[in-house]
Amino acid sequence: MRYRFPENFWWGSACSALQTEGDSLNGGKSQTTWDVWFARQPGRFHQGIGPENTSGFYQHWKQDIALLKQLKHNSFRTSLSWSRLIPDGTGEVNPEAVEFYSHVIDELLAQGITPFITLFHFDMPMVMQEKGGWENRDVVAAFCRYAQICFDLFGNRVKHWFTFNEPIVPVEGGYLYDFHYPNVVDFRRAATVAYHTVLAHSLAVRAYRAGSHDGEIGVVLNLTPSYPRSAHPADVKAAHHADLLFNRSFLDPVLKGEYPADLIALLKEYDQLPACQPGDKELIADGKIDLLGINYYQPRRVKCRDSAVNPDAPFMPETLFDYYEMPGRKMNPYRGWEIYEPGIYDIITNLRDHYGNPRCFISENGMGVENEQRFIENGHINDHYRIEFVSEHLKWLHKGISEGCNCLGYHMWTFIDNWSWLNGYKNRYGFVQLDLETQQRTIKQSGKWFANTAEHNGFD
Ligand code: BGP
């Protein structure tokens, strides 16, 4: 076999609570920011479809786990919902939620599928957002209590924990670019949210270690390699700044236990540093992880700014660089993201060379495509483009692993077509096609290809 992966490689997929569970206001669950935002502004969501309208994992979990088995998964990541487990954010634990998540975890284990559990995947309980969300340190403390409760309830069965999924995304979406609630555009507040998220992560890691649990804890980061337009120092500097803001603002604290000195200097220069308190430094040093999840979808290409900075304009990341469209780039036109397979290799070799080669795995990678029904052949979707997407990324991953990178698995986003935030069901990502009306599930060609690859631990 040409591309054989190391023994015990994790083959699986990822999803999140809010994007799959449905029953978003049943079973004792309280509202997340998404439920509230959707109720207020349904027009901002593709075709007016909100988080109550999903693949219904809350009802169909057993059937879906049977599908995971058919897809030959040996591991699977999903998230717990804070607002389902602790509806008022800080008080009583909801027994219905404990029962639901226990059933899911037990069934995964019974099917030989290792559960990977994320604690927070973009779904802030509204009660916590009303207190200021991540801008408020009390919310940071409440998150730590929630994490501790999860470790105590499920830690005997769950051995792979992740504090956050893509923590930079709620910063970008909620506080810079208006694609998450609370729709603020303010860099200083964004920096505070990012900083407090790192503190929340570190507190949870501390709590996990203090509990002497027999397992490992990490975080899932979306790493977008920053490529400069050219080797000109101005372009290189622009790419370095983008890397500091969007990658290293989380990567360095969780792997090195401290922020990059040049990120601190940069924010200081523009008077954007968040407020620190005594003890924060030690706390961040304690937030070092055992396992890094890497979500990779697209690179970030930048160049130096074409125009001068308006001194009266508020500071934004784009004060420091412009985006660059590489001629001839390969695009996923539905999502508007560049497809650049070598990026996955660049990420893991960078981790090997500059971060001590940490234990890591690809926790998300995938391709959302619109109107996939046009590819139906003999009753199922023949998504050859997705097979090509996955296999091309796997080839680069394989190369990195054969050159010594400590990458332990590959999880696809995602196993069944799911609800994609503001995009609703516009772009389909699954190995399994979902008919939203009938809830019928049909395995796509890529699902068959993946099952075969997982079963043989590689492909030709
Ligand atoms: C990641 C998120 C997922 C998922 C995926 C696809 O950023 O962790 O929640 O949604 O991207 O992106 P989208 O759904 O926006 O197309």
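User: Leaving aside neighbours within four places in sequence, which residues is Val127 in contact with?
Analyst: This is a predicted model, in which local features need pLDDT of at least 70, side-chain atom pairs count only at pLDDT 80 or more, and totals for chains, interfaces and linings use all residues. Val127 belongs to helix H6 (residues 126–130); helices (H or I, at least four residues) and strands (E, at least two) are DSSP runs, numbered from the N terminus. With contact meaning heavy atoms within 4.5 Å, the partners of Val127 beyond those neighbours are Pro87, Asp88 and Gly89.

User: Is Val127 buried, exposed or partly exposed?
Analyst: Buried means under 20% relative accessible area and exposed over 50%, with partly exposed in between (1.4 Å probe, protein chains only). The relative accessible area of Val127 is 30%, so this residue is partly exposed.

User: Which elements do the buried residues of H5 pack against?
Analyst: The buried residues of H5 include Ala97, Phe100, Tyr101, Ile105 and Leu108. They pack against strands S3 (75–79) and S4 (114–120), and against helices H1 (17–20), H3 (57–70), H4 (82–85) and H7 (137–154).

User: Which residue caps the N-terminal end of H5?
Analyst: A polar contact is a pair of N or O atoms within 3.5 Å; within protein, one must be able to donate a hydrogen and the other to accept it, and residues adjacent in sequence count only if both atoms are side-chain atoms. Here a side-chain oxygen lies 3.1 Å from the backbone nitrogen of Glu96, and the capping residue is Asn94.

User: Which residue caps the N-terminal end of H7?
Analyst: The 18 residues of H7 should span 26 Å, in agreement with its end C-alpha atoms, 26 Å apart. At its N-terminal end, the backbone nitrogen of Asp138 is 2.7 Å from a side-chain oxygen of Asn136.

User: Which side chain has a polar contact with that of Ser24?
Analyst: Ser24 is found in the loop between H1 and helix H2 (33–40). Its relative accessibility is 5%, so Ser24 counts as buried. The polar contact, at 3.4 Å, is with the side chain of Asp35.

User: What kind of pair do the rings of Trp37 and Phe45 form?
Analyst: Rings of Phe, Tyr and Trp (its six-membered ring) pair if their centres lie within 6.5 Å; planes under 30 degrees apart count as stacked, over 60 as edge-to-face and the rest as tilted. The count by this rule is 46 aromatic pairs. For Trp37 and Phe45, the centres are 5.3 Å apart and the planes stand at 70 degrees, so the pair is edge-to-face.

User: How far is an oxygen atom of the ligand from an N or O atom in the side chain of Glu166?
Analyst: The ligand is surrounded by 14 residues, and Glu166 is among the closest; a residue is near a molecule or strand if one of its heavy atoms lies within 4 Å of it. For Gln19, the distance from a ligand oxygen to a side-chain N or O atom is 2.8 Å. For Glu166, the corresponding distance is 2.5 Å.

Definitions and conventions: Residues numbered from 1 in each chain as written. Heavy atoms only, no water. Expected span 1.5 Å × (residues − 1).
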